[in-house]
There are 2 protein chains.
Amino acid sequence: MTATLKDVAVLAGVSRSAVSRTFTTGASVSDQTRRKVMEAADALGYRPSVFASSLTTRRTRLIGLVSDNFRNPIFLEVFDQFTRAIQSAGYRPLLVNLGDAEPNTDPVEMLRSYSVDGIIIASSTLSPDLVVSFAKSQIPTVHTFGRYSSAPKVDTLAVNNEHCGALAAQALLDRGYTRIAFLGGPAAATSTQDRQAGFAAVAQAVSGVETSVSHASAYSFAAGREEMQRLIGADQPLAQGYFCGDDVLSVGAMSALQDAGLKVPNDVGIVGFNDMAMASWQNISLTTVHQPLEEIIGASVERLLELLDGQDIAPQARLFEGRLVERST
Amino acid sequence: MTATLKDVAVLAGVSRSAVSRTFTTGASVSDQTRRKVMEAADALGYRPSVFASSLTTRRTRLIGLVSDNFRNPIFLEVFDQFTRAIQSAGYRPLLVNLGDAEPNTDPVEMLRSYSVDGIIIASSTLSPDLVVSFAKSQIPTVHTFGRYSSAPKVDTLAVNNEHCGALAAQALLDRGYTRIAFLGGPAAATSTQDRQAGFAAVAQAVSGVETSVSHASAYSFAAGREEMQRLIGADQPLAQGYFCGDDVLSVGAMSALQDAGLKVPNDVGIVGFNDMAMASWQNISLTTVHQPLEEIIGASVERLLELLDGQDIAPQARLFEGRLVERST
DNA sequence: ATCTCGGTTGCAACCGGTTGCAATTTTCTG
DNA sequence: CAGAAAATTGCAACCGGTTGCAACCGAGAT
């Protein structure tokens with residue numbers, strides 16, 4: 001159907017090499033043949049096939065963008081920014097949704113068979129085993145939102161979760177609260193563990209402060225609401241302020257508090273995490289820890305590009321600083 | 001680097017064809033050679049390259065998933081469902097973010113050069129010209145959320161926007177309101193035009209009902225809030241009930257009303273559109289027109305698959321029925 | 001007029017697979 | 001057990017490009 005290099009060559013009256021070279025920047029072609037080739041190509045609507053050329057060049061300019069989080073609104077921002085960054089670097093994102101009922105196909109193998117040049121894992125909830133299996137694929141891989149390690153197996157970029165936890169604890173303490181709590185996401189998520197650690201460290205450093213901890217079953221509105229309902233119904237009195245491990249958790253918790261007739265922040269204070277777009281909506285106006293998403297994502301793509309041409313660079317981990325955004329909760 | 005078919009053939013002591021055939025379902029290979037091949041393949045970690053084979057099979061099992069909407073939370077649900085549906089059909093989504101500052105590369109040409117088997121356009125705000133240029137690409141294309149036409153140029157699947165508008169109008173009338181209004185998205189969006197038409201038709205059919213119309217500049221919280229603020233500040237009195245062309249618009253409008261000291265639904269009623277996940281959050285609890293997203297997306301992918309093997313099927317347009325979800329606004 | 005030299009060009013092999021065809025082996029029939 | 005049909009196998013050509021190499025070209029140097 002579609003015109004091939006050969007067709008163009010015939011029409012232009014030149015060799016196939018000549019055509020190939022006109023479409024390869026930096027190749028040696030005279031202006032004259034280039035012009036002839038271009039004319040023929042236009043006439044036929046010719047487009048070089050990326051995959052045919054990838055066979056010899058060994059580059060598809062495809063990047064596997066892997067995630068298991070398609071529920072949390074922050075991830076729409078994540079996908080938006082990743083796809084833009086990838087595209088403007090001249091690459092294309094092959095999106096892989098791991099939250100799939102298709103566990104029979106190994107995502108790593110799948111990406112290998114598509115010859116992606118690189119892989120970006122965008123998730124803080126993925127099992128480390130899976131991440132390692134990506135790393136072992138021989139394909140340059142970057143793990144965004146992964147856990148920091150001084151000797152990482154994979155390049156990792158993330159916000160400094162511990163510091164963010166500390167920030168949140170401090171914010172609650174600054175309000176004069178003496179009973180504060182951490183309401184995390186799934187206990188298995190490394191991001192939750194680290195935020196909790198930072199939170200606890202600050203809280204325990206000041207005497208006379210009681211802290212408690214609980215976990216929602218997922219990073220979701222429903223889970224946050226449920227957990228807060230449980231806390232409300234429990235024997236223990238509520239804390240004066242909660243640091244929720246995610247903005248949607250916060251909104252869920254606030255919904256439960258509201259239903260119980262409790263006012264935020266008068267009765268209970270809430271600090272969220274992420275600063276998703278919705279957090280700034282005036283009728284939500286969530287106080288939250290801002291994660292420098294754009295910076296993290298930009299750096300992730302940049303790092304992956306480095307990995308793509310440089311070879312055998314040792315994996316490194318980078319941490320970015322969050323900051324508190326005070327709003328009304 | 002990675003093992004190729006030839007390597008496997010050598011190790012297994014068979015011809016390259018034999019290896020190829022073991023990895024092609026339905027090809028004729030004896031159990032014995034299949035076993036030998038599999039062993040060798042496992043030993044070498046061999047994976048057939050999709051692109052090498054696509055050269056002869058002319059199938060990449062890649063589907064271009066094109067959108068320009070990476071801001072509206074409903075689209076996270078859209079991407080989630082599309083990627084799952086595409087994946088479970090054995091295809092892979094190549095995501096194209098049109099909201100890109102990279103207008104130099106024609107997305108159609110780009111998808112051609114990646115030899116995608118098919119294209120899904122997921123947008124109700126794309127210019128018809130662009131949609132047509134996709135259709136002319138010779139690549140099977142489906143336009144989800146596009147405008148219905150009795151003689152479509154591209155396969156189109158969407159909710160029946162007119163009917164949804166009618167539903168919303170009826171819901172407001174049923175409350176006894178006599179001054180109702182349509183607060184649409186961008187006036188240029190076909191989805192808004194159709195919802196408005198259906199809304200107006202119902203409203204005008206009953207005498208003594210005043211209707212008015214205005215448009216937000218985008219399908220976004222900020223735009224909805226701004227437009228509602230404008231309406232509040234205008235000379236005209238507010239309507240008793242508003243049908244907003246999108247849930248995020250509704251939430252924005254509600255935020256403006258709340259700031260003005262107006263209660264929803266006591267002072268002003270709101271009906272949204274889409275029934276995004278957030279609409280059911282208890283502290284939002286938006287009355288809205290539910291769009292059968294899963295059904296539409298499932299049908300879109302199914303239709304594209306039909307287009308992929310069947311040839312020269314005439315484009316058709318399909319409409320799906322929305323339904324009103326009464327909640328608290 | 002001859003020699004050099006840098007730029008341009010085509011040939012042919014190769015990238016990693018698939019597939020029609022003919023040869024070979026296996027299985028089935030009578 | 002012979003003969004025929006069916007299943008399996010390898011050869012070689014091809015898919016749409018790229019690229020090393022050698023041949024070629026024209027212009028400037030000698």
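Select the surface near DNA strand D: by class, this surface of the predicted model has nine nonpolar, 15 polar and three charged residues. Ala, Val, Leu, Ile, Met, Phe, Trp, Tyr, Cys and Pro count as nonpolar, Asp, Glu, Lys and Arg as charged, and the others, Gly among them, as polar. Local features need pLDDT of at least 70 and side-chain atom pairs pLDDT 80 or more, while totals for chains, interfaces and linings use all residues. Residues are numbered from 1 along each chain as its sequence is written, with chains lettered from A and ligands numbered from 1 in the order in which they are written.

In total, 27 residues surround DNA strand D (C-beta atom, placed from the backbone, within 6 Å of the strand). Zoom to the closest: Leu5(A), Ser17(A), Ser20(A), Ser53(A) and Leu55(B). Next, colour the elements that give two or more residues here: H2 (16-22) and H4 (50-57) of chain A, and H2 (16-22), H3 (31-44) and H4 (50-57) of chain B. Helices (H or I, at least four residues) and strands (E, at least two) are DSSP runs, numbered from the N terminus. H4(A) gives the largest share, five residues.

Now move to the interface, where 43 residues of chain B are in contact with 43 of chain A (C-beta atoms, placed from the backbone, within 7 Å). On the chain B side, select H5(B), which gives the most, eight residues.

Finally, superpose the chains by least squares on C-alpha atoms of residues with pLDDT of at least 70 in both. Chain B is laid on chain A with an RMSD of 0.2 Å by a turn of 180 degrees and a shift of 0.1 Å along the axis; the two copies are thus related as by a two-fold rotation axis. Pick Leu94(B), the residue of chain B closest to that axis, at 2.3 Å (C-alpha).

How values were computed:
Contact = placed C-beta atoms within 7 Å.
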